[in-house]
Each structure stands twice: as C-alpha cells, then as structure tokens.
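Hi everyone, thanks for coming. I'd like to walk you through one structure today, so please bring it up on your screens and follow along as we go.

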Amino acid sequence: MSQDQDNFRDSIGTIKEDGKRAWVFPKKPSGKLYNYRKYVSYALLTFLIASPFIKINGNQFLMFNVLERRFNIFGFPFYPQDFHLFVISMIIGVVFIALFTVAFGRIFCGWMCPQTIFMEMVFRRIEYWIDGDRGSQIKLDRQEWNAEKIRKRVLKWFIFFIISFIIANVFLTYLIGSDRLIQYVTDGPTQHISTMVSLLIFTGVFYFVFAWFREQVCIIACPYGRMQGVLLDNKSIVVAYDYERGEAENGRKKWRKNEDREALGNGDCIDCNQCVNVCPTGIDIRNGTQLECVNCTACIDECDTIMEKVNLPKGLIRYASEDEITKKEKFKFTPRLKGYTAVLVILTGVLVGMMFLRNDLEANILRLPGQLYEHKEGNIISNVYTYKLLNKTTKPVVDVHFELMSPKGEIKLVRTDNFDVAPEALAEGTLFIEINASALSGDKNNLKIGVYSNDKLIETTTARFLAPRSYK
Ligand code: SF4
Ligand code: SF4
C-alpha cells in the first residue's frame with residue numbers, strides 16, 4: 001500500500017481535520033447477517049433484563065454487588081473469602097476473550113457487546129424510525145430549527161432518556177440485587193433519595209453514551225479494541241475486503257452496464273461507497289483491518305446486495321483471514337490457538353474443582369491479638385479466640401457448636417452455647433479453648449476444630465494454641 005493510500009491511518013474517521021467531531025449518519029443496514037444479529041440481540045437483551053430475576057438455590061443468577069462485596073456468578077455466591085475463585089474466573093474470562101479474538105477477531109464486538117447491541121439494535125433503530133434513513137438524517141441535521149426538527153428531536157431525546165433510565169434500573173439490579181430494587185420501587189423514591197440520585201446519574205451516563213458519545217466508546221474508550229493489534233494475526237478471521245478480487249489488475253472501477261469486467265481487468269468493487277455509508281464507525285473497510293471496525297457485518301450485507309444487483313459473486317466483503325484472501329488458505333488450528341485452549345481447559349477445570357470443593361459455611365478461628373495464655377487450676381492452659389462463621393447459603397445453619405478434634409480439650413463459648421447462623425450472614429463471637437498441659441507438645445500447638453450443625457460435622461478449621469515453653 002502506498003504512503004498516500006495509508007493516509008487514513010493518520011486520523012480517526014470520526015474526527016475532522018480541525019479536531020471537531022465528524023458525526024456519522026450510517027445507512028440503515030439490511031440483509032441476512034443483520035437479521036441474524038437482530039435475533040441474537042433479542043436473545044441477549046432478554047437474558048440481560050431477565051437474569052437478575054432468575055434465582056438458583058435462592059441466589060440471583062448474576063449479581064455484582066461491589067458495595068457489599070457480594071458477587072453471584074451463574075448462581076454461585078462469591079464473598080471476599082472466595083476472592084481466589086473470583087480472580088480465577090476473571091482470568092478464565094480474559095483468556096477466553098484472547099483465544100476467541102485470535103481465532104475470530106472482534107466477532108464479540110459485533111454480535112455480543114452490550115454497547116453495540118444497545119447502540120445499533122435499540123437506539124439507532126429508534127433514530128431510523130423517527131429521523132428516517134441516512135439521507136433524511138443528514139437533511140434534518142442541516143435544516144434550521146423549525147417545528148418538524150423540534151418535534152423529532154424532543155421525541156427522540158425523550159425516548160432515549162426513558163430507555164437510558166430503564167438500562168440504569170437494569171444495571172442497578174446487577175449492583176444491589178433485584179429484590180432490593182423491587183423493595184425500593186415499592187417504598188417509593190422519597191424513601192431512598194440517594195439510590196434515586198445514583199439512578200439519575202447512571203441514566204445521564206447512558207444517555208450521554210448512546211445519544212452523543214456513541215461509536216467513540218469503541219474507538220477511543222474501549223480497551224478491548226486497543227488489544228486487537230497484539231491479538232490478531234494473518235490467520236484471524238475478521239470482516240475483510242477481498243482486495244485481490246476487488247482491485248484485480250486495474251483497481252476498482254465504476255459499474256457500466258453490459259461491460260466484461262474480467263476482460264477489462266477491472267476489480268469486482270464498483271466503487272459505489274455503500275460499504276462506507278452503512279458503517280456505524282464511519283470507516284472504509286477497503287483500507288484493510290482497522291481499529292475502528294467493530295465487525296458489525298453491516299458492510300458485508302450491503303456489499304452483497306450490490307454484488308447481487310450487478311450480477312457478481314457475493315462475498316467481496318466477508319468473514320475471512322488475511323491468509324485466506326492472499327494464499328486462499330482455509331482456517332487452521334494453529335499452535336498458538338492450541339496453547340490458549342490448553343490453558344483455558346486447565347483453568348476451567350481448576351475453577352470447577354474449587355467450586356465443588358468449597359464449603360457452604362466458612363469458619364475462621366483466630367487467637368485474640370495481644371493475648372498470650374492463661375494457666376488455670378488442674379494444669380489447664382487456656383487461650384482466647386474470636387470466631388467468624390460465614391453462611392454462604394440462602395438457608396439458616398442451625399444449632400451450631402464447636403468441638404476440639406485434636407488434641408483433646410474443651411471449647412467454651414462466651415455468652416452462648418449452640419447458636420444459629422442466618423442465611424448469607426456472618427456470625428461472630430469469642431470462645432475459650434482449654435487443654436490439659438499434658439496433651440500439649442510444645443509452646444506452639446496446632447489445633448483441629450470441628451464445626452457441627454445439629455450434631456453433624458459440616459466444616460473443619462485449624463488454629464494455633466500457645467502454651468508455656470516448659471511444656472515442650
Ligand atoms: S459496497 Fe462493495 S462494491 Fe461498493 S464500494 Fe464497497 S466494496 Fe466496493
Ligand atoms: S467496516 Fe464493516 S464491519 Fe467494520 S464497523 Fe464498518 S460496517 Fe461494521
């Protein structure tokens with residue numbers, strides 16, 4: 001590619017030379033892939049809205065309560081004590097995205113990213129409904145503020161605001177839980193002013209993103225888009241223009257009826273610019289893979305429609321790797337892909353194993369800081385501890401007591417004997433452990449403690465026990 005042709009890399013398509021925003025008015029997409037994307041987006045939007053209301057064993061299916069540090073992933077509750085599991089699942093997520101990107105480029109951006117789905121399948125479609133297609137939108141934008149423009153703008157901004165408010169509510173169900181949001185709605189906004197203020201702030205952010213910032217999120221703000229340069233290689237499948245076919249010997253040329261393009265050496269691209277007009281990020285895919293391309297497939301559909309009209313084979317723009325276009329090579333499972341897959345399988349195995357091995361009740365017994373030991377009558381050594389029992393289930397753990405499993409000794413709870421731990425709650429308290437000095441083997445002893453519910457062992461934990469040195 002010559003230096004002149006490479007000029008498109010000097011700036012991004014949505015910013016003019018004077019630094020001002022170049023507003024994109026994409027043509028309304030249509031075609032087979034757009035229809036498939038619509039179905040996928042309906043399914044994902046339904047999942048996004050419904051999942052906070054789905055419960056597994058009483059746990060919300062997905063919840064990210066950062067304020068109270070409680071997370072539910074696929075119905076599994078995670079607490080700060082499970083942070084290692086959370087970190088592993090996050091690593092798996094990152095590796096999965098990397099592996100997927102190496103193989104299939106930014107297919108996630110075009111088909112699954114919430115930004116693309118809300119922008120292209122919700123807000124943009126409302127815009128087409130109110131403002132019309134590309135031509136009408138450009139005309140409306142340029143025309144003076146008359147009654148028609150005011151009516152259309154007010155209607156559009158009002159609907160955008162309402163949808164942003166709904167998205168903010170959905171977002172809140174993930175943050176604080178659907179039960180609590182329903183409770184807040186029932187109580188009325190005046191009872192929960194701070195939540196209402198947060199909701200309006202989120203609404204404002206979503207409104208700003210979808211009404212104004214739009215494709216800039218993908219181009220400027222999204223870190224995933226920035227990773228493409230290191231993740232993609234010549235074998236990655238991306239939305240690509242087949243420049244071998246499109247340019248041929250003489251380059252792209254306008255369409256003339258009844259001409260024999262092959263004999264003339266003209267490429268199959270008829271330079272109609274429709275792939276550029278339909279692009280929501282305002283780029284020309286014929287310049288090659290670019291940071292701005294979110295792989296939305298709109299240009300594939302549009303070019304296929306053009307190819308059909310001029311009676312040329314479809315697929316001038318299609319999902320293809322660079323090697324497929326230049327060397328006509330088919331997709332291969334490369335060593336890099338194999339490596340990523342192996343890491344992914346191992347990490348998933350570790351995560352599943354850890355989830356199943358995890359106890360529903362987590363017990364921690366720690367010596368009270370700054371306390372040594374007490375020598376009591378009858379050669380008894382006593383240490384004082386604090387205990388914390390976290391019930392990770394949605395059912396109460398009843399009739400709980402502790403027993404010293406080794407060495408022999410006695411556990412005495414301060415204030416109470418047996419107690420209950422409420423669902424998803426933490427029970428804390430103080431206890432004494434008393435052991436006859438003859439049963440100790442040194443000044444620092446390891447204890448094994450059993451936690452029982454209804455006389456059934458449900459968890460074991462360990463603790464340190466201090467004694468005088470003379471008992472070594
Ligand atoms: S839509 Fe197809 S034919 Fe038209 S300019 Fe784009 S690549 Fe060329
Ligand atoms: S170049 Fe094509 S696939 Fe990429 S963002 Fe534009 S229309 Fe979508």
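Let's start with the salt bridge between Glu 362 and Lys 392, where the closest N and O atoms are 2.8 Å apart. Glu 362 belongs to strand E8, while Lys 392 sits in the loop between E10 and E11, so this pair links distant parts of the chain, 30 residues apart. Before I go further, please keep in mind that this is a predicted model. How covered are the two partners? Glu 362 is partly exposed, because its relative accessible area is 21% and buried means under 20%. Lys 392 counts as buried, at 2% relative accessibility.

Lys 392 also meets Asp 82: their side chains form a salt bridge of 2.9 Å, N to O. In general, side chains of opposite charge can pair when their charged atoms come close.

Which strand leads up to that lysine loop on the one side? Strand E10 covers residues 380-391 and is mostly covered, with nine of its twelve residues buried. Let me go through the partners of E10 in turn.

With strand E8, residues 361-367, E10 pairs in the antiparallel sense over seven bridges. If you want a spot to look at, find Asn 364, which stands opposite Lys 388 in E10.

With strand E9, residues 374-376, the pairing is again antiparallel, over three bridges. Glu 374 faces Ser 382 of E10 there, the two standing opposite each other. E9 and E10 make a hairpin with three residues between the strands, and in that hairpin Gly 378 takes a positive phi near 80 degrees.

Then there is strand E14, residues 426-436, which runs antiparallel to E10 and is joined to E10 by eleven bridges. Look for Ile 380 opposite Asn 436 in E14. As a reminder, strands of a sheet pair through backbone hydrogen bonds, either parallel or antiparallel.

Strand E4, residues 70-73, is joined to E5 by three bridges, and Phe 71 has Phe 78 in E5 as its bridge partner.

Back to charges for a moment. How many salt bridges does a search of the whole structure find? The search gives 28. Another of them brings together the side chains of Asp 242 and Arg 318, at 3.0 Å, N to O. Asp 242 lies in the loop between strand E6 (238-241) and helix H12 (243-247), and Arg 318 lies in strand E7 (residues 317-320), so this pair ties together parts that are 76 residues apart in sequence. At 4% relative accessibility, Asp 242 counts as buried. There is also a network of salt bridges linking Glu 127, Asp 131, Arg 153, Lys 156 and Arg 214.

Let's turn to the helices. Which residues form the nonpolar patch on the surface? They are Phe 158, Phe 161, Ile 162, Ile 166 and Leu 200, with about 460 Å² of accessible area together. Helix H6, residues 147-176, gives the largest share, four residues. Leu 200 comes from helix H8, residues 193-213, and is partly exposed, with a relative accessible area of 43%.

Between helix H5 (134-142) and H6 there is a loop, and Gln 143 is found in that loop. Is Gln 143 buried or exposed? Gln 143 is buried, with a relative accessible area of 19%. The side chain of Gln 143 makes a polar contact of 3.1 Å with the side chain of Glu 148.

The C-alpha atoms of Ile 91 and Leu 344 are separated by 9.2 Å, although the two residues are 253 apart along the chain.

Terms used. Residues numbered from 1 in each chain as written. Chains lettered and ligands numbered in written order. Predicted model: local features only at pLDDT ≥ 70, side-chain atom pairs only at ≥ 80, totals over all residues. Heavy atoms only, no water. Buried < 20%, exposed > 50% of the residue type's maximum accessible area, 1.4 Å probe, protein only. Pairing = 2+ DSSP bridges. Patch = residues over 30% accessible without salt bridge, like charges linked within 9 Å, V, L, I, M, F, W, Y side chains within 5 Å. Areas by Shrake-Rupley, 256 points an atom, 1.4 Å probe, with all protein chains shown as cover. Salt bridge = Lys/Arg side-chain N within 4 Å of Asp/Glu carboxyl O. Polar contact = N/O pair within 3.5 Å; in protein donor to acceptor, adjacent residues only side chain to side chain.
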